[in-house]
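Here is a brief report on ring contacts and strand pairing. Look over the sequence and the model, then read on.

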Amino acid sequence: MKRIFLSALGFCALAFAASAQDSPPKHIRFLALGELPVWKEELKDGVRKGIKPPEGSVPPAATALLSGDQAIPFKMTLRALTNVLTMAPTTPKLEIRKGKDAAAVPWLSTRKPAAPLSLGVLFRDPATMSWNNPKMLLLKDDPSALKAGEIRFVNVSDKTVLVKLGTKAFGIAPGKTATRPIKEGRTPILVGYLDGKTQKEIWENQLKVLSKQRVQCFFYKAQNPRATGAVRFYFAPEPVPRVPKSS
């Protein structure tokens, strides 16, 4: 009986490996939300030099995404979408390394995305406001999840955010998203958040949307709430990204 059981386990492992090889690769982009620390400098030998920011105050200078047994280096810049990266079918989970190769220390590890194209929204640990233990909201990002002529609001702050888009107003709880249609051209928008029972305004303007564009809007916890308010806002109009063809 023991021999039969072990043989069955071996068969299951082979079947899993074959299934992983046959499944299509997964594609993902990342967006790191946050602010740079206050610039500090010192005077050395009559020359002013910048002081290295404190540990955890910025994302790692070098990052790489695991793909199978390889690592794909990529550049992460605050409030800027990365290029689309591809994870091989054999990749067991989503893991970003703090360095440029597969031997580097893990920085973030979570479940493998299920969608053909995903977006990983990265942000500081809200409790410590440090990048040493980053958090991520994983979203579907292919055309079936967000198509041209739509706007998606993503709230990774710790406050309920408030949106008035055109004449319609609604709220979005922490950790939640909301998608609405948006017409080509200019649309008035007002965004804010609830601070207790008080409504605080963040930004009021008009969003300009071009033909075949969609928009993503992100809310995240401010680094210095006393100076800027508790919630910051970033938006990105863009054409619908294409899922890379499998080679």
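## Aromatic cluster

Trp203, Phe219, Phe233 and Phe235 are linked into a cluster by ring pairs. Rings of Phe, Tyr and Trp (its six-membered ring) pair if their centres lie within 6.5 Å; planes under 30 degrees apart count as stacked, over 60 as edge-to-face and the rest as tilted. The model is predicted: local features need pLDDT of at least 70, side-chain atom pairs count only at pLDDT 80 or more, and totals for chains, interfaces and linings use all residues. Residues are numbered from 1 along each chain as its sequence is written, and side-chain values use heavy atoms, with hydrogens and water left out.

The whole structure holds eight aromatic pairs. Phe218 and Tyr234 are stacked, because their ring centres are 6.3 Å apart and their planes meet at 25°. This pair links distant parts of the chain, 16 residues apart: Phe218 lies in strand β17 (residues 213-221) and Tyr234 in strand β18 (residues 231-239). Strands are DSSP E runs of at least two residues, numbered from the N terminus. Both Phe218 and Tyr234 are buried.

Phe233 and Phe235 are also stacked, at 5.9 Å centre to centre and 25° between planes. Phe233 is buried at 16% relative accessible area. Phe235 is partly exposed at 29%. Buried means under 20%, exposed over 50%, and partly exposed in between (1.4 Å probe, protein chains only).

## Open sheet

Four strands form an open antiparallel sheet, in the order β5-β4-β7-β8. Two strands pair if DSSP finds at least two bridges between them. The edge strands, β5 (70-74) and β8 (105-110), each pair on one side only.

Strand β4 (residues 63-67) pairs with β5 over five bridges, in the antiparallel sense. Thr63 has Phe74 in β5 as its bridge partner.
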